[in-house]
Amino acid sequence: MNAVTRPNVAAESEAEKRMPYKHPQPKESPPEVVIPDAIPKDERVWVPQAENVWFRPLLLSASRGYWQNILRVRKSGVLSRHRHPQPVHGFVLKGKWRYLEHDWVATEGGYVYEAPGETHTLVVDEDVEEMMTLFQVNGAMIYVDPDGNVRGYEDVFTKIDMCRKHYEAVGLGADYVDQFIR
Ligand code: FE
């Protein structure tokens, strides 16, 4: 018996293992997105979203209603209180941050899952120069007051709109955002 658990896939010879798939991709499957500088060299790629808060779009999924972005917050930045109707996945690339509603701190190298129904306020404290976190946000962010009354929302379409306006204003062109949309 082999001690290593392997997926239930028929064995291939060494030569077969390195043979590429011979057929076209399905025609309904859109092209892949490949971004060499996920943390951009060009400062203009960061889209400002509040004081000391920016996002860098990576994938704006108009067809499935989610977005994948890097959130950057410099010290004392606050991401307004919001509720998530759908799950969020986060991976901390740099620095640390916390939610006013929880007693844990998300630190560099850490992974965070936020369940549907979560309402929270993201803060970066004075002792942190800068944090960057890769977030996949599904559906929407519903901005609320401390009692949960709705003040506004963001979804993939408002994100696309923000990017368009910003990229137009900084000279990259409104269509710069198109490369991230699928
Ligand atoms: Fe959140």
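Hi everyone, and thanks for coming. Two housekeeping notes. Residues are numbered from 1 along each chain as its sequence is written. Since we have a predicted model, local features need pLDDT of at least 70 and side-chain atom pairs count only at pLDDT 80 or more, while totals for chains, interfaces and linings use all residues; side-chain values use heavy atoms, with hydrogens and water left out.

Let's start with the layout. The chain holds two helices and twelve strands, where helices (H or I, at least four residues) and strands (E, at least two) are DSSP runs numbered from the N terminus. Along the sequence the order is α-β-β-β-β-β-β-β-β-β-β-β-β-α. Taken along the principal axes, the C-alpha atoms fill a box of roughly 60 × 45 × 30 Å. The chain has 182 residues, and 35% of them count as buried; buried is under 20% relative accessible area, exposed is over 50%, and partly exposed is in between, using a 1.4 Å probe and protein chains only. Among contacts (heavy atoms within 4.5 Å) with a separation of 6 or more, 63% join residues 24 or more positions apart.

Now the metal. Which protein donors does the iron ion have? They are His82, His84 and His120, each through NE2, and they lie 2.0 to 2.2 Å from the iron ion. Donors here are N, O and S atoms within 2.8 Å of the metal (3.2 Å for Na, K and Ca), and water is not among the atoms, so sites may look incomplete. The spacing of the donor residues in sequence is H-x1-H-x35-H. Histidine 82 and histidine 84 are both buried.

On to the cores. In soluble globular proteins, nonpolar side chains tend to be buried together. A nonpolar core, in our terms, is a set of buried Ala, Val, Leu, Ile, Met, Phe, Trp, Tyr and Cys residues joined through side-chain atoms within 4.5 Å. The largest one has 29 residues, and Leu60, Leu71, Trp97, Leu122 and Phe135 have the most contacts inside it. Two or more residues of this core come from each of β2 (53–61), β3, β5 (88–94), β6 (96–99), β10, β11 (140–144) and α2 (156–169). Helix α2 gives the largest share of this core, four residues. There is also a second, separate core of five residues, including Trp46, Leu58, Ile70 and Met132.

Leaving out residues up to four places away in sequence, Phe135 touches Trp67, Gln68, Asn69, Leu71, Val88, His89, Gly90, Trp97, Tyr99, Glu114 and Leu122.

Phe135 also turns up in the next topic, the cavity. On a 1 Å grid over the protein atoms alone, a cavity is a set of points where a 1.4 Å probe fits but cannot get out, and lining residues have an atom within 4 Å of a point. The lining divides into nine nonpolar, five polar and three charged residues; Ala, Val, Leu, Ile, Met, Phe, Trp, Tyr, Cys and Pro count as nonpolar, Asp, Glu, Lys and Arg as charged, and the others, Gly among them, as polar.

Finally, some single residues. Asparagine 52 sits in the loop between β1 (47–50) and β2, with a positive phi near 65°. Serine 76, in the loop between β3 and β4, has a positive phi of about 70°. Is aspartate 155 buried or exposed? Aspartate 155 counts as buried because its relative accessible area is 19%. This residue belongs to strand β12 (residues 150–155), and beyond its neighbours within four places in sequence, Asp155 contacts Trp67, Gly139 and Ala140. Arginine 64, by contrast, is exposed at 71%, in the loop between β2 and β3.

That's my tour, and I'm happy to take questions.

Definitions and conventions:
1 Å grid on protein atoms, 1.4 Å probe; cavity = no way out; pocket = protein on both sides within 12 Å on 5 of 7 lines; lining within 4 Å.
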